[in-house]
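Hi,

Here is the structure I promised to pass on. Have a look, and my notes follow below.

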Amino acid sequence: MAIADGDLVAPRTPVTFKVVGDGKVLWASKPVAKTRQVERCQVRVAGIKVLRLEVECPGSNHRAHAVWVEPGLERW
């Protein structure tokens, strides 16, 4: 996950990426405050029925172009 770097300008408010399974936060990123700041995520989702990828932006969402880069599921 990352902030899209089309403008090369940071968002006004840091965003937090979350993986939510059955209504519970399974993983949350550190607040991302600048472009090209990338954090990887691996979460076990065995038994989860509803899986959501969320982005939280508590303030202004101006320039907060959040992207999940190549999300996928793998069997372990």
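**The pocket**

The lining of the largest pocket is made up of 14 nonpolar, 2 polar and 6 charged residues (Ala, Val, Leu, Ile, Met, Phe, Trp, Tyr, Cys and Pro count as nonpolar, Asp, Glu, Lys and Arg as charged, the others, Gly among them, as polar). Its volume is about 850 Å³, taken as the space filled by probe spheres set on grid points joined across faces, edges and corners. Of the 22 lining residues, Cys41, Gln42, Val43, Pro71 and Gly72 are the closest to the centre. A pocket here is an open set of points on a 1 Å grid over the protein atoms alone, where a 1.4 Å probe fits, with protein on both sides within 12 Å along at least five of seven lines; lining residues have an atom within 4 Å of a point.

Keep in mind that this is a predicted model, so local features need pLDDT of at least 70 and side-chain atom pairs 80 or more, while totals for chains, interfaces and linings use all residues. Numbering runs from 1 along each chain as its sequence is written, and side-chain values use heavy atoms, without hydrogens or water.

**The hairpin**

E2 (16–21) and E3 (24–28) are strands (DSSP runs of E, at least two residues, numbered from the N terminus). They pair antiparallel over 4 bridges (pairing takes at least two DSSP bridges), and Val20 sits opposite Val25 in E3. With 2 residues between the strands, the hairpin has Asp22 at a positive phi near 50°.

Cheers
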